[in-house]
Amino acid sequence: MSAPAELSSAELSTRLVGFVARELGVPAERVRAASLRRLAGGASRELFAVDLETPEGALELVLRRDPPGRIGESDRGLEMRVLQAAAEAGVPVPRVHWGSSDPAVLGAPFFLMDRVEGETLARRLLRDPGFAQARRAMTRQLGAALARVHAVDVRRPELAALPGPPPGASPARAVVEQTAERARALALEPHPVLELMERWLLERVPASGPAALVHGDYRIGNVIFGPEGLRAILDWELAHVGDPLEDLGWLCVRTWRFGSDALPVGGIGTREELVAAYEEAGGRRVDREALRFWEACGNFRVAVVWLQQSRIFLDGKVPSVELASLGRRTAETEEELLRLLREEA
Amino acid sequence: MNDRPDAVELLRAVERFLERDVVPALDGVRQFHARVAANVVAMVAREIETEEAHLAAEWAGLAELLGDATPAPPGREAAQAGILARNRELVRRIRAGEADAGPWRERLLAHLERVSAARLEVTRPPRQRGGA
C-alpha cells in the first residue's frame, strides 16, 4: 500500500466541511469554510486555523492533525480525551468539538478545538510592557492549573491508553534510565557532564506518591496568555501517567526562562510562588528535595532533546539551519547541569 | 596564506548581510531561519578565532586529570581526535565510579567548568539577547 498523498488545501477544506456537516447532522452545503490556513507548529503534528460558517453560527477552530503517513506514532484520539478530562477537572484548555482516528477522513487522525485568542510567544510575555500584569499573575495561575491537572483520575477507562511506568516501578528512576539510554544512543561524542548527571540523579531518586496525570511538556511556550494572564494550556501530546512533580520541575528548567534566569519559573516567577499556588489549589504537598531532583532531571532531558534535534540534521533527514544550531545548545544546558552538580547537598 | 579579508572577516561580512538586509526583508519562519543563520555564521567566526587556544587548554586539562603528560599531537584534526579519545577515557572512569566523590571529582568538575565556559564563548552571542 502506498503512503497517503498529501491533501491539497482545497481537498482538505472540502473534506473538513463534509465531516463537520455529518457531525452537526446537516447537509454539506449548509457548512462553509470561510478560511483555512496552516499555522507554525512542530514536526510531530500539523495545526490549521479554520473558520467555519454553520447553521449553528460561526466557529473559529484549530485543526490538529498528525502528519499524513505517520499514522500510529501518536494518538490524537487519546490527546482529545485527555483534553476533555482536563476541561472537566477545571483546567483552562481549548474546548474540543470533534475528532476522528480514521485516516480516511482527513488523511490522518485529527481533532477540532476552539481557537483561543491570545499570545503564545514567550519573548513577548517576558519583555513586552503590555504583559506586565500577565507576568505578575501567571506563576500562580500555572501552579493552580497544574494542581487541577494532577487531580484528574487516571483510572478512568478513557485514559487507560496513557503511557506510564510499569506497575511497581519508580517513575523517577524510569525517566532517568530512559533519558540516559537515549543520550547514549544519540550522542556521537562523549559527554562527561551527562554521565555525571545520570549518576547524581540515580543516587537521588525520590519516592513518588500515587501516580497522576502528567502533562509532559508544561512550560511557557505551550500556553496561550493575554495581557491579564493565563488563558489555556496547550500541547497535551506528551501526557502520561507519572509523578506530578515532573511537571513542576520541567516548568523550572533553565531553557524555558529564555534568558531571565533570576526568575526560575519560566523567567516570570519564583519556585516558592509556584509551590504555594499549587498547594493552595489542592496539589499534594511538594517535597523541596524531590522538586530539585525533577528540575535537574528536566535539564538532563533537555540536553537529550538537543542531541536528538542535531541528529535529525546530522543524519541528513532534515537539512534545517535551526536543527543544526540546536546541537550547540548542549553547551548552555551542560553549564546548567554543572551548576546543579556543584549545588549538591 | 595571508589573504585578506581572512576567513573571519568574510564571515562577519556574511553575518552583517544576513542581519541587516535579509532578516528585515523576510517574515515568519523564513525570517526566523535567517536570524538563526546569522547567529550560526557568527558562531563559526568565534570558533575559528578561539579554537586553537580552546583545544590546547582542553588537552592540558585532560592531561592533568588523567595523569598523562604526552604533548598534544600537532594539527587540528589530530588534536581533536586525541581529545575525543581522552574524553572517552574520562567517561569510562566516571562510569566506573571514580568521580563519585573525593578530590578527583572536584578537579574533574573544575575542568568541565572551564571547558563549558570555552564552549559558551563560542555558542553564546556576546550581547545576550535572551534566546528564542
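Chain B, read from the N terminus, has its elements in the order α-α-α-α. That is four helices and zero strands, where helices (H or I, at least four residues) and strands (E, at least two) are DSSP runs numbered from the N terminus. The radius of gyration of chain B is 19 Å, well over the 14 Å that the globule rule gives for 132 residues, so chain B is more spread out than a compact globule. The radius is taken over C-alpha atoms, and the rule is 2.2 Å times the number of residues to the power 0.38. The C-alpha trace of chain B spans about 55 × 40 × 20 Å along its principal axes. Of its 132 residues, 36% count as buried; buried means under 20% relative accessible area, exposed over 50%, partly exposed in between, with a 1.4 Å probe and protein chains only.

A word on the model. It is predicted, with local features needing pLDDT of at least 70 and side-chain atom pairs pLDDT 80 or more, while totals for chains, interfaces and linings use all residues. Residues are numbered from 1 along each chain as its sequence is written, chains are lettered from A and ligands numbered from 1 in the order written, and side-chain values use heavy atoms, without hydrogens and water.

Now the aromatic pairs. How many turn up over all chains? A search of the whole structure gives four, counting rings of Phe, Tyr and Trp (its six-membered ring) with centres within 6.5 Å; planes under 30 degrees apart are stacked, over 60 edge-to-face, the rest tilted. One of them joins A:Phe131 and A:Phe225: the centres are 5.2 Å apart and the planes at 80°, so this pair is edge-to-face. It links distant parts of the chain, with A:Phe131 in the loop between helix H4 (122-127) and helix H5 (132-150) of chain A, and A:Phe225 in strand E7 (residues 223-226), 94 residues apart. Both A:Phe131 and A:Phe225 are buried.

Another edge-to-face pair is A:Phe293 with A:Trp294, at 5.2 Å centre to centre and 90° between the planes. A:Phe293 is buried at 2% relative accessible area, and A:Trp294 is buried at 1%.

Next, charges over rings, meaning NZ of Lys or CZ of Arg within 6 Å of the ring centre and within 35 degrees of the ring normal. In chain A, the charged end of A:Arg301 sits over the ring of A:Trp250, 4.4 Å from its centre. In chain B, B:Arg86 lies over the face of B:Trp59, 3.8 Å from the ring centre.
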